[in-house]
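Biologist: I would like to learn how to read helix packing and a nonpolar core. Can you take me through a case?

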Amino acid sequence: MQMKLTIAGSGSYLPPTTVENRDFTRIVDTSDEWIRSRTGIFRRHFSDGELTVEMGVKAAEKALADAKLAASELDLILVSSVTPDYVTPTVSCLLQGYLGAAQAFALDINVACSGFVYGLDLAARYLQDPSIRHVLLVASEKLSRVTDFTDRSTCVLFGDGAAAVVLTANGPGEELACCLKADGRQAQALTACYPDRNHPFGAAPASLATPPAGKDRMALRFPQATPFIHMDGREVYRFAVGAIEQGIRAVTASAGYQVEQLDWLIPHQANNRILEAAAKRLNLPMDKVYSCLDEIGNTSSSSVGIALDRCRQQGLLQGGQLVAFSGFGGGLTHGTVLLKI
Ligand code: COA
């Protein structure tokens with residue numbers, strides 16, 4: 001289904017503390033060479049006490065200024081985050097209150113690294129309603145909060161940061177197609193959990209609390225899950241390459257285009273090898289695949305928004321171009337949206 005969707009403004013924010021690959025050699029057994037060659041990451045930014053919502057506010061204020069829009073003109077605020085500051089209130093409510101967006105209702109999304117792309121599609125659908133004129137979509141992630149800095153296989157991958165876009169139906173842009181998917185059967189590949197039991201009254205044995213996993217039933221308890229990110233890197237790598245390919249083929253076919261007609265693919269910034277493998281399968285030249293992960297690392301759902309904002313700032317996006325956005329990650333989930341901007 002085609003829906004009106006124009007990016008009226010964008011902004012992004014990275015906290016000032018920069019950590020180079022070589023800084024990790026002081027805390028785990030790794031090397032700059034290993035990290036660069038396996039991931040393409042050179043450095044990342046970490047919050048030094050800034051909240052997820054505070055980073056989101058900075059990105060949102062830039063996006064509103066870019067769109068020349070007052071917060072009071074917003075009708076909906078969507079925030080994607082896997083690292084909210086509170087169980088309640090939501091990041092989106094805090095943002096709504098802080099910005100003074102009194103007319104806007106506010107909703108948090110958590111589909112891990114796919115969140116910004118899911119948010120684009122949700123915004124397009126809400127904007128079909130004429131009473132909703134402006135949507136602020138924010139992604140803000142403080143992954144350093146859930147990173148195990150003793151695990152060399154994950155701690156070198158992640159970074160913190162935020163991005164925001166102002167979206168409207170009143171403009172030339174269109175969402176031509178989307179492909180949003182979830183595969184809970186692969187949930188165990190990427191986990192981080194809350195601490196479990198808090199009440200003082202004795203717990204039921206695990207076997208009573210959850211139906212046991214069987215042939216047709218997946219486990220709901222993952223022995224490897226801790227409050228820190230745990231990842232089966234190879235599984236996620238395989239999933240990610242397939243997800244980008246499946247999503248791009250689906251949205252181009254559904255909108256009646258060939259893959260080679262894409263002007264840009266703006267993907268989740270997780271790993272350059274993932275992007276190269278997917279581009280090869282799609283026969284898409286790498287100069288159409290935007291990458292800035294060397295500077296930011298994997299910032300989960302913020303990364304597509306940060307990449308989008310950088311593309312706009314660098315003047316790479318022009319009206320009428322075909323731009324695909326692709327996100328993939330925990331859940332497992334993936335999402336692709338095709339825009340004519
Ligand atoms: N420094 C040095 N060595 C490291 C290391 C590090 N930071 N992390 C892991 N290694 C070691 C492993 O221990 C292993 O050693 P061993 O062979 O002695 O056991 C070796 O490097 C190879 O590990 P492997 O997991 O096979 O590496 P890989 O080539 O698959 O690369 C990832 C690891 C994580 C970079 C890769 O699997 C990946 O990118 N996965 C997708 C991750 C991702 O992007 N997730 C986010 C999606 S939202």
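Modeller: We start with a pair of helices and then turn to the core. This is a predicted model, where local features need pLDDT of at least 70, side-chain atom pairs count only at pLDDT 80 or more, and totals for chains, interfaces and linings use all residues. Residues are numbered from 1 along each chain as its sequence is written, and side-chain values use heavy atoms, leaving out hydrogens and water.

Biologist: At what angle do the axes of helix 2 and helix 3 cross?

Modeller: Two packed helices are described by the angle between their axes and the distance between the axes. Here, helices are DSSP runs of H or I, at least four residues, and strands are runs of E, at least two, numbered from the N terminus. Axes are lines fitted to C-alpha atoms over the stretch in contact, with angles from 0 to 180 degrees between N-to-C directions. Helix 2 (residues 52-67) and helix 3 (residues 91-99) have axes that come within 10 Å and cross at roughly 55 degrees.

Biologist: Which residues make the contact?

Modeller: Contact means heavy atoms within 4.5 Å. Helix 2 uses Val53, Gly56, Val57, Ala60, Glu61 and Leu64; helix 3 uses Val91, Leu94, Leu95, Tyr98 and Leu99.

Biologist: Which residues have the most contacts inside the largest nonpolar core?

Modeller: Such a core joins buried (under 20% relative accessible area, 1.4 Å probe, protein chains only) Ala, Val, Leu, Ile, Met, Phe, Trp, Tyr and Cys residues through side-chain atoms within 4.5 Å. The largest has 44 residues, and Ile244, Ile248, Phe328 and Leu338 have the most contacts inside it. Helix 7 (233-255) is among its suppliers, and gives the most, nine residues.

Biologist: Where is Met286 placed?

Modeller: Met286 is in the loop between helix 8 and helix 9 (293-296). The C-alpha atoms of Met286 and Leu265 are separated by 9.2 Å.

Terms used:
Buried < 20%, exposed > 50% of the residue type's maximum accessible area, 1.4 Å probe, protein only.
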